[in-house]
Amino acid sequence: MPSLKDLRNRIASVKATQKITKAMQMVAAAKLRRAQSAAEAARPYAERMGSVLANLASRLTTTEGAPRLLIGTGKDDVHLLLVCTGERGLCGAFNSAIVRMARERALALKAQGKTVKFFCVGKKGYEALRRQFEKDIVDYVELRSVRQLGFDHAEAIAKKLLRLFNEGGFDVATLYYSHFRSVIAQVPTAQQLIPAQVGEGAGAAGAEAVYDYEPGEEEILEALLPRNIAVQIFRALLENNASFYGAQMSAMDNATRNAGEMIRKQTLKYNRTRQAMITKELIEIISGAEAL
Amino acid sequence: MAIFHFELVSPERLLFAGEVESVIVPSVEGEMTVTAQHAPVMAVLKPGVVTVSEGKGAPRRLFVRGGFADVRPEGLTILAEHAIPLEELDAEALAQLVKDAQEDFDDAATDEAKRDAAEKLSQLKELRDALVH
């Protein structure tokens, strides 16, 4: 049976924790709004890029001499998993959901006898994957010190990825991130980056227009494909960022609610114990008086 | 003068969307002016200034770096990797860009990379000289 003082201390410490989680929830809500609008602002560019690319790719009739970023190396022996996670924890299952998805894919690929490599973006994913796949991690980018995600960051990652590809480091690259569906729903998503996946529907509509290309079609396609990778990574980072704050907000909301529940229970217990003690003292006094 | 729809988007945001009279686009093969009813063209951009005339008032000028312009029957879209209004671009920022390009050129290992870097550098220098005057 805990003493009254113990109970008082416990209530005070839960209250302090509740204050922290509440503050974190509010901070996450504010940051979420900003992250969400950044993700939305990036959408037109990515969409345009996709439709232009689809348009160009649909005009390529022969695969001969087509850029390798579009058609791949012709093999699929070495897979690179680009795993984007958050830099911090306290966000529910956000990081672990992405990592779990990547890990399952990696194990499935290994079972098929393929080689798997990892490129980690974000500290949490790196730490989780390092335990199991330490020697498979080829690169790691940390964005902890970044305050405002810019296109430059995505570009730097894309550059590393392309260098690795050109050196023949891998055949297929897949991007893992969390798609931001709503504040309470973040869906871990896999997206193939190399060879590029081009939407088909958009190509048909634009194909009728006679285009002039400056310089040639192939040069444009060649310039566009690496850029497309940077754009896709940038979009994934922004989506991830929004998802992270969404996940953190709901996790902190839960924590705040749990703390409230705990305080309620402990207070009840405290009051009961206190009353029991008073009753006990009264009985002692009364029975003492009667004995006289 | 006839107007057409013009959009300037960078990965970070939509910078401009609206009806305009003409837009001067710095393409790698020279500057071109896009007006209404322009034939469909897809052009890769070089670092330079996009001049947008909305009909009334002074034309708006924006600095773009990397990207491409897509002219379609329904309008012009510029997808620029970096785009900032010219007023916000100062000589210092440009000098920094030139310096970065110079470093890229110095660091370039292969012939191809060297050629690309040299091209970028000369385009930037050209632009810097043009803006100073």
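## Model and conventions

This is a predicted model, in which local features need pLDDT of at least 70, side-chain atom pairs count only at pLDDT 80 or more, and totals for chains, interfaces and linings use all residues. Residues are numbered from 1 along each chain as its sequence is written, chains are lettered from A and ligands numbered from 1 in the order in which they are written, and side-chain values use heavy atoms, with hydrogens and water left out.

## Chain A: order and extent

Along the sequence, chain A reads α-α-β-α-β-α-β-α-β-β-α-β-α. It holds 7 helices and 6 strands. Both are DSSP runs numbered from the N terminus: helices are H or I with at least four residues, strands are E with at least two. The radius of gyration of chain A is 28 Å, well over the 19 Å that the globule rule gives for 292 residues, so the chain is more spread out than a compact globule. That radius is taken over C-alpha atoms, and the rule is 2.2 Å times the number of residues to the power 0.38. Along the principal axes, the C-alpha atoms of chain A fill a box of roughly 115 × 40 × 30 Å.

Of the 292 residues of chain A, 42% count as buried. Buried means under 20% relative accessible area, exposed over 50%, and partly exposed in between, with a 1.4 Å probe and protein chains only. Chain A exposes about 15700 Å², and carbon and sulfur atoms supply 52% of this area. Accessible areas come from the Shrake-Rupley method with a 1.4 Å probe; for residues, only the protein chains shown count as cover.

A contact means heavy atoms within 4.5 Å. Take the contacts in chain A between residues at least 6 apart in sequence: 76% of them join residues at least 24 apart.

Chain A carries 41 positive and 31 negative charges, and their mean positions are 13 Å apart. Lys and Arg count as positive, Asp and Glu as negative; His and the chain ends are not counted. Each charge is placed at NZ of Lys, CZ of Arg, CG of Asp or CD of Glu.

## Chain A: buried sites

Leu81(A) sits in strand S1 of chain A. Its relative accessible area is 0%, so Leu81(A) is buried. Beyond its neighbours within four places in sequence, Leu81(A) touches Ala102(A), Arg105(A), Ala106(A), Val116(A), Lys117(A), Phe118(A), Phe119(A), Thr174(A) and Tyr176(A). Gly169(A) is 88 residues from Leu81(A) in sequence, yet the two are 12 Å apart in space, C-alpha to C-alpha.

Helix H4 (residues 123–133) of chain A has these buried residues: Gly125(A), Tyr126(A), Ala128(A), Leu129(A) and Phe133(A). An α-helix has 3.6 residues a turn, so residues three or four places apart point the same way. The cover over the buried residues of H4(A) includes strand S1 (78–84), helix H3 (94–111), strand S2 (115–121) and strand S3 (137–141) of chain A.

## Chain B: order and extent

Chain B has 2 helices and 8 strands. Its pattern is β-β-β-β-β-β-β-β-α-α. The radius of gyration of chain B is 15 Å, close to the 14 Å that the globule rule gives for 133 residues, so chain B is as compact as a globular protein of that length. Its C-alpha box is roughly 50 × 30 × 25 Å along the principal axes.

Of the 133 residues of chain B, 48% count as buried. Among contacts in chain B between residues at least 6 apart in sequence, 47% join residues at least 24 apart. The accessible surface of chain B is about 6900 Å², with 49% belonging to carbon and sulfur atoms. Chain B has 13 positive and 25 negative side chains, and the centres of the two sets lie 2 Å apart.

## Chain B: annotated span

An unreviewed UniProt entry places the feature "domain: ATP synthase F1 complex delta/epsilon subunit N-terminal" at residues 4–83 of chain B. UniProt positions are given in the numbering used here, feature names are shortened, and annotations may be inferred rather than shown by experiment. The span is 0% helix and 71% strand, and its end C-alpha atoms lie 21 Å apart.

## Backbone details

The peptide bond from Ile194(A) to Pro195(A) is cis, with omega near -5 degrees. Pro195(A) lies in the loop between strand S5 (186–194) and helix H6 (201–206) of chain A.

Leu90(A), in the loop between S1 and H3 of chain A, has a positive phi near 55 degrees. Gln37(B), in the loop between strand S4 (30–35) and strand S5 (41–44) of chain B, has a positive phi near 65 degrees. Leu90(A) counts as exposed at 54% relative accessibility, and Gln37(B) counts as exposed at 80%.
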